[in-house]
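Q: Please take a close look at the nonpolar core of this model for me, along with the contacts and charged pairs around it. I would also like to know how far the prediction can be read.

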Amino acid sequence: MKRAVQSVVAIAIAVALVSWVLIGTQDSAETAMNTNDANLVIHGYDAVAYFTEGRPVEGSADFQSIYRDALFQFASAEHKALFDADPDKYAPAYGGYCAYGVTQKQKFDIDPNAWEIVGDRLFLQLDPGTRLIWLENRDGHIATADTLWPEIKRIPAEDL
């Protein structure tokens, strides 16, 4: 009887450990990315170009990388190589959703022409008007969005 109890306890502990590992993996899952119907981030614009050229540049299907299950396109092989070497450096903040929208606990699509780099992070906005609102209190909005993003990142946009 003692062996049976020990076996049941051992199985319960094993199940608890496996559950803990699985739950931990879900909690640390990669950030959801804002993609279009073709699974493209930033509507196919080159994430690296914002940093290297200081402007939005359309990417090409000739230069693509998969990151966090989403497709990034680049204008050149050089930009693709830079991204592949350090994707976290170039991937947009908040999975490429509208940064101001995140401050409102929302996931809005973006306009690739409404953007800003602050420090070493690329922030995208819904449209130029939203970018102006963002700029009125940029540092405060970044602090708010950084706080809220972990709470909403795994929630589908349509459920917010």
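A: Let's start with the stretch to set aside. Where pLDDT is low, the predicted coordinates should not be read in detail. For the protein, the mean pLDDT is 86, with 81% of residues at 70 or more.

Numbering runs from 1 along each chain as its sequence is written, and side-chain values use heavy atoms, without hydrogens or water. In this predicted model, local features need pLDDT of at least 70 and side-chain atom pairs 80 or more, while totals for chains, interfaces and linings use all residues.

Now the overall layout. The protein has seven helices and four strands (DSSP runs numbered from the N terminus: H or I of at least four residues, E of at least two). Their order along the sequence is α-α-β-β-α-α-α-β-β-α-α. Of the contacts between residues at least 6 apart in sequence, 58% join residues at least 24 apart. Buried residues account for 38% of the 160 residues (buried is under 20% relative accessible area, exposed over 50%, partly exposed in between; 1.4 Å probe, protein chains only).

That brings us to the core itself. A nonpolar core is a set of buried Ala, Val, Leu, Ile, Met, Phe, Trp, Tyr and Cys residues joined through side-chain atoms within 4.5 Å. The largest one here has 32 residues, and Ile42, Tyr50, Phe72, Phe83, Tyr94, Phe123 and Leu124 have the most contacts inside it. Two or more residues come from each of α2 (47-52), β2 (70-74), α5 (99-103), β3, β4 and α7. Helix α7 gives the most, with four residues.

Apart from neighbours within four places in sequence, phenylalanine 83 is in contact with Val48, Ser65, Tyr67, Phe72, Phe74, Tyr90 and Ala91. Several of those names have rings, which leads to the aromatic pairs. Rings of Phe, Tyr and Trp (its six-membered ring) pair if their centres lie within 6.5 Å; planes under 30 degrees apart are stacked, over 60 edge-to-face, the rest tilted. By this rule there are ten aromatic pairs.

Take phenylalanine 51 and tyrosine 90: with ring centres 5.4 Å apart and planes at 85 degrees, the pair is edge-to-face. Because phenylalanine 51 belongs to helix α2 and tyrosine 90 to helix α4 (residues 87-90), the pair ties together parts 39 residues apart in sequence. Tyrosine 90 is buried, at 6% relative accessible area, whereas phenylalanine 51 is partly exposed at 25%.

Phenylalanine 72 and phenylalanine 83 make a tilted pair, because their ring centres are 4.6 Å apart and their planes at 35 degrees. Here strand β2, holding phenylalanine 72, is linked to helix α3, holding phenylalanine 83, across eleven residues. Elsewhere, ring pairs gather Tyr94, Tyr97, Phe123, Trp134 and Trp149 into a cluster.

Next come the charged pairs. The structure holds seven salt bridges (a side-chain nitrogen of Lys or Arg within 4 Å of a carboxyl oxygen of Asp or Glu). One of them lies in helix α3 (residues 77-85), the element that also holds phenylalanine 83. It joins lysine 80 to aspartate 84, at 2.6 Å from N to O. These two are four residues apart, which means about one helical turn separates them. Lysine 80 is partly exposed at 24%, as is aspartate 84 at 40%.

Helix α7, the top contributor to the core, takes part too. Arginine 138 and glutamate 116 form a salt bridge of 2.8 Å, N to O, which links helix α7 (residues 138-152) to strand β3 (residues 111-118) over 22 residues. Arginine 138 is partly exposed at 30%, while glutamate 116 is buried at 10%. Arginine 121 and aspartate 146 also form a salt bridge, their closest N and O atoms 2.8 Å apart. As arginine 121 is in strand β4 (residues 121-125) and aspartate 146 in helix α7, the pair ties together parts 25 residues apart in sequence. Shared partners join Glu116, Arg138 and Asp139 into one salt-bridge network.

How values were computed. Contact means heavy atoms within 4.5 Å. pLDDT is the predictor's confidence in each residue, from 0 to 100.
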